[in-house]
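Hello,

Here is the structure we talked about passing on. My notes on it follow below.

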Amino acid sequence: MPRTQEENERIRQQAKAKIREAAIELFMRKGYHATSIDDVSKYAGVSKGLLYNYYKGKEELLGAMVEARIGELIQVMEKAEALDTPAEQLRHIVEGAIDNVQRSPQVFRFYLHLQTQPEADETIAKYGKLLIEESARQFQIQCRMFEKLGSADPVARSLYFSSALQGIMLMISTYPDQFPVEAMKRQIIDDFCQTSRQP
């Protein structure tokens with residue numbers, strides 16, 4: 001019995017995700033420029049022909065990875081915005097961010113690495129800039145949440161919140177087995193996600 005269009009699309013998306021995951025692993029281990037398409041196809045366990053069927057080359061693959069990451073950021077923020085109160089919205093951001101980095105610490109490190117590359121590396125810098133621009137857009141939405149929460153200086157409070165959250169995420173990705181994740185998650189939620197504690 002032939003596969004349905006939905007089944008074909010599911011298989012296609014699974015293959016593309018597998019290729020992106022392999023690319024992240026290799027780009028982190030060997031570096032973007034030192035990794036070849038042949039390396040990615042072998043590591044992903046797919047033929048080079050299949051990989052080229054989805055991506056024209058390594059830069060297009062990198063672009064698709066960044067696009068997928070931006071989509072994830074937007075999705076988290078949209079789900080947060082759909083919640084009733086700013087406290088719930090911020091709690092959703094905290095839990096989503098920490099849970100994601102706990103599941104895939106190497107993914108967090110990869111995208112952080114992209115955003116901190118020298119501008120002289122034009123290929124990498126171009127995609128890092130896209131992530132930075134999207135983060136800035138999400139930051140503005142987050143500022144509005146702090147404003148609704150009653151913060152006297154929503155921008156400063158949002159910046160402090162982002163700094164604390166990014167620090168926790170970096171610590172988890174660096175020390176995944178030693179960092180007290182749940183305790184730190186409770187602490188940041190207690191410090192930032194309650195109306196009565198907004199300075």
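**Domain contact and a helix pair**

About 900 Å² of area is buried between domain 1 and domain 2, and carbon and sulfur atoms give 83% of it. Within domain 1, Ile24, Met28 and Tyr32 supply 54% of the area that this domain buries against domain 2, more than any other three residues. Please keep in mind that this is a predicted model.

The UniProt record, an unreviewed entry, carries the annotation "domain: HTH tetR-type" for residues 13-73. In the model that span is 80% helix and 0% strand, with its end C-alpha atoms 19 Å apart.

The other finding concerns helix 4 (residues 58-81) and helix 7 (residues 122-149), whose axes come within 10 Å and cross at roughly 5°. Angles under 35 degrees count as roughly parallel, so helix 4 is roughly parallel to helix 7. Residues of helix 4 that meet helix 7 include Leu62, Val66, Ile70, Leu73 and Met77. On the side of helix 7, Tyr127, Leu130, Leu131, Ile141 and Met145 are among the residues in this contact. Charged residues take part too, including Glu59, Arg69 and Glu81 from helix 4 and Lys126, Glu134 and Arg137 from helix 7. By class, the contact has 13 nonpolar, 3 polar and 6 charged residues.

Regards

Conventions
Residues are numbered from 1 along each chain as its sequence is written. This is a predicted model: local features need pLDDT of at least 70, side-chain atom pairs count only at pLDDT 80 or more; totals for chains, interfaces and linings use all residues. Side-chain values use heavy atoms; hydrogens and water are left out. Axes are lines fitted to C-alpha atoms, for helices over the stretch in contact, and angles run from 0 to 180 degrees between N-to-C directions. Helices (H or I, at least four residues) and strands (E, at least two) are DSSP runs, numbered from the N terminus. Angles under 35 degrees count as roughly parallel, over 145 as roughly antiparallel, 65 to 115 as roughly perpendicular and the rest as oblique. Contact means heavy atoms within 4.5 Å. UniProt positions are given in the numbering used here, feature names are shortened, and annotations may be inferred rather than shown by experiment. Buried area is the accessible area (1.4 Å probe) that two parts lose on being put together, summed over both.
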